[in-house]
Amino acid sequence: MEEMLAANRELTFAGVIVVAPGVFGRPGDREAGEKITDEQKTALGALHLRKIDLADRVLVVNPGGYIGESTSREIAYAHATGKPVSFTDPV
């Protein structure tokens, strides 16, 4: 999450309009046992694809080269819609 915030900040100060995914996972949430439901995950997944529709390009924040299942789907969607995709770390 810190890497995403840093990328958002850097791009914003460079004059880029950032349309970032919703990222939820504050330390307090994990400690309290609060989890995102399957229904919320599905809604967020659809929302992330709509955000890709709004974007001119996609920057994947992938510390250490890691790309999870949801991000892989979003990358495939971006490619399918003709959006350029770049990464913060080598894949």
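**Exercises on a predicted model**

The buried residues of α3 pack against β1 (58–60) and α4 (69–80). The model is predicted.

**Exercise 1.** Check the length of helix α3 against its number of residues.

Solution. Helix α3 covers residues 38–54, which is 17 residues. The expected span is 1.5 Å times one less than the number of residues.

**Exercise 2.** Find the buried residues of α3 and say how they are placed around the axis.

Solution. Start with the cut-off: buried means under 20% relative accessible area. In α3, Leu 44, His 48 and Ile 52 are buried. They cover an arc of only 85° around the axis, so they sit on the same side of α3. Now turn to the other side of α3: Glu 39, Thr 42 and Leu 54 are exposed there.

**Exercise 3.** Locate Asn 62, classify it as buried or exposed, and list what it touches.

Solution. Asn 62 lies in the loop between β1 and α4. Its relative accessible area is 0%, so Asn 62 is buried. Leave out residues up to four places away in sequence. Asn 62 then touches Ile 67, Phe 87, Thr 88, Asp 89, Pro 90 and Val 91.

Notes. Residues are numbered from 1 along each chain as its sequence is written. This is a predicted model: local features need pLDDT of at least 70, side-chain atom pairs count only at pLDDT 80 or more; totals for chains, interfaces and linings use all residues. Side-chain values use heavy atoms; hydrogens and water are left out. Helices (H or I, at least four residues) and strands (E, at least two) are DSSP runs, numbered from the N terminus. Buried means under 20% relative accessible area, exposed over 50%, partly exposed in between (1.4 Å probe, protein chains only). The arc is that of the directions from the helix axis to the C-beta atoms. Contact means heavy atoms within 4.5 Å.
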